[in-house]
Amino acid sequence: METKIKESYIEWLKQNVLVSPIDKNKWLIETPFLDRHNDYIEIYVIQKGKDDYLLTDDGYIFSDLKASGFEIGSPKRKELFNLALAGLGVKFGDRSKELYIETDMSNMGKSKHKLLQAMISINDMFMLAGPTVSSLFKEDVKRYFKRNAIPFNYDMKVMGKSFFERFFPYASGNSSNPS
């Protein structure tokens, strides 16, 4: 049974991995794996020497993260980003913004798999984008207030004496004027 399970998976991969030549030394691999938009993840293979190859995402993953509002700026985000890459031997081009791995033909399958794992892992970091984190934090605060029976208002706009409006995601406590 184990052999049939393996063979079934390998056959599915064979049928769903498409390789298209771009030019003499460059190919596009469309994989059956999906990104967060349910688009097929693609890898480019560039032959650099007789048996030297560069596998790259051509900058897709990082540019997609940036478009979602993700910034690698904080030390913790940078640490998570680097950890995801280092554990798989994948590199990040600071200028090109691409995820890549250098390999030879004997390690092509393993290297392709590692790059795919890194791409999927990094792609999931969109959950750490500012708007997502802020939304989750607000939800957690609201749940905390409710669970602890703390009276609160949320999404409040308050106009001050200067007629400038201020927005408060949450307000709690005595709202009466203490004077």
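Mentor: Gladly! Let's start with Arg 36, which is partly exposed, with a relative accessible area of 27%; buried means under 20%, exposed over 50%, and partly exposed in between, using a 1.4 Å probe and protein chains only. This is a predicted model, in which local features need pLDDT of at least 70 and side-chain atom pairs count only at pLDDT 80 or more, while totals for chains, interfaces and linings use all residues. Residues are numbered from 1 along each chain as its sequence is written, and side-chain values use heavy atoms, with hydrogens and water left out.

Trainee: Which side chain meets Arg 36 in a salt bridge?

Mentor: A salt bridge is a side-chain nitrogen of Lys or Arg within 4 Å of a carboxyl oxygen of Asp or Glu. Here the N to O distance is 3.2 Å. The pair links distant parts of the chain, 28 residues apart: Arg 36 sits in the loop between strand E2 (26-34) and strand E3 (40-47), and its partner in helix H2. Helices (H or I, at least four residues) and strands (E, at least two) are DSSP runs, numbered from the N terminus, and the partner in question is Asp 64.

Trainee: Is Asp 64 buried or exposed?

Mentor: Look at its relative accessibility, which is 11%. Asp 64 therefore counts as buried.

Trainee: Which residues of helix H2 are buried along with Asp 64?

Mentor: Helix H2 spans residues 60-67. With Asp 64, the buried residues are Ile 61, Phe 62 and Leu 65.

Trainee: How many salt bridges does the count come to?

Mentor: Besides the Asp 64 and Arg 36 pair, the side chains of Glu 102 and Lys 91 meet at 3.3 Å, N to O. Glu 102 lies in strand E6 and Lys 91 in strand E5, so this bridge ties together parts that are 11 residues apart in sequence. Glu 102 counts as exposed at 53% relative accessibility, whereas Lys 91 is partly exposed at 40%. The count comes to 2.

Trainee: What is the phi of Gly 69 near?

Mentor: Gly 69 follows H2. Its phi is positive, near 100°.
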